[in-house]
Structure formats: structure tokens, C-alpha cells
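This report describes selected features of one protein model. The sequence and structure are shown first, and the account follows by topic.

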Amino acid sequence: MSETLLDVKGMNCPLPVLRANRALRGMAPGARLRVLATDRAAVADFQAFCRETGHALLAWSEEAGVFSFVIRRRADAPRAKGEDG
């Protein structure tokens with residue numbers, strides 16, 4: 001499966017997560033997004049973002065000060081509380 005690459009190196013919190021969120025909204029369910037970031041806060045930010053949104057944080061690593069995150073877009077949008085269907 002191919003990946004989309006999002007380079008947010010040099011951006012600080014909350015921009016890496018905001019940019020990733022925007023990219024994920026335009027992707028097909030199950031698609032993968034690789035994010036490259038240099039902000040140390042991105043580690044905790046992406047863990048919390050994926051926990052709260054339902055996207056899967058498949059892997060993350062750090063090499064020479066660059067963090068790499070692989071996120072799989074959730075299968076479908078979760079329903080809002082109280083939504084009938």
C-alpha cells in the first residue's frame with residue numbers, strides 16, 4: 001500500500017497535528033500517511049491525536065532529530081453522540 005508523505009519539519013505544536021488532520025481528511029479510509037516532524041512535542045501530540053480521532057498510529061521513530069510517524073486513516077467517521085442511524 002502506498003503512503004502519502006507530509007513534511008512538517010521546522011513547525012511547532014500544534015501545526016504538525018493540524019496539517020496531518022487536514023491531510024487525513026482528504027485521504028481514503030485505510031490509507032497511510034507518513035509525517036516527518038522535528039518538534040519533540042509531536043510524539044505525545046500524535047499519540048493523543050490518534051487516540052482521540054480513531055486513526056491508527058502504526059509506528060513512530062526518531063533519527064537525527066527527525067520524527068517519523070505512520071498513521072492509518074480510520075475506516076469511517078465515528079458517529080457523534082446522540083446521532084441516529
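## Basis of the model

The model is predicted: local features need pLDDT of at least 70, side-chain atom pairs count only at pLDDT 80 or more, and totals for chains, interfaces and linings use all residues. Residues are numbered from 1 along each chain as its sequence is written, and side-chain values use heavy atoms, with hydrogens and water left out.

Helices and strands are DSSP runs, numbered from the N terminus (helices H or I, at least four residues; strands E, at least two). Helix H1 spans residues 15-25, and its buried residues are Pro16, Val17, Ala20 and Leu24. Buried denotes under 20% relative accessible area, exposed over 50%, and partly exposed the range in between, with a 1.4 Å probe and protein chains only. Viewed down the axis of H1, the buried residues fall within an arc of 90° and so line one face of the helix; the arc is taken from the directions from the helix axis to the C-beta atoms.

Those buried residues pack against strand S1 (3-7), strand S2 (32-37), helix H2 (42-53) and strand S4 (66-72), where contact means heavy atoms within 4.5 Å. On the face of H1 turned away from its buried side are the exposed residues Arg22 and Arg25.

## Salt bridges

Side chains of opposite charge can pair when their charged atoms come close. The structure contains 2 salt bridges, a salt bridge being a side-chain nitrogen of Lys or Arg within 4 Å of a carboxyl oxygen of Asp or Glu.

Arginine 34 pairs with glutamate 3, and the closest N and O atoms are 2.9 Å apart. Because arginine 34 lies in strand S2 and glutamate 3 in strand S1, this pair ties together parts that are 31 residues apart in sequence. Arginine 34 is partly exposed at 27% relative accessibility, and glutamate 3 is partly exposed at 37%.

Lysine 9 forms a salt bridge with aspartate 7, the closest N and O atoms again lying 2.9 Å apart. Lysine 9 has 39% relative accessibility and therefore counts as partly exposed; aspartate 7, with a relative accessible area of 44%, is also partly exposed.

## Glutamine 47

Glutamine 47 is located in helix H2 and is partly exposed, with a relative accessible area of 33%. Apart from neighbours within four places in sequence, glutamine 47 is in contact with Leu57 and Trp60. The C-alpha atoms of glutamine 47 and leucine 57 are separated by 6.9 Å, although these residues are 10 residues apart along the chain.
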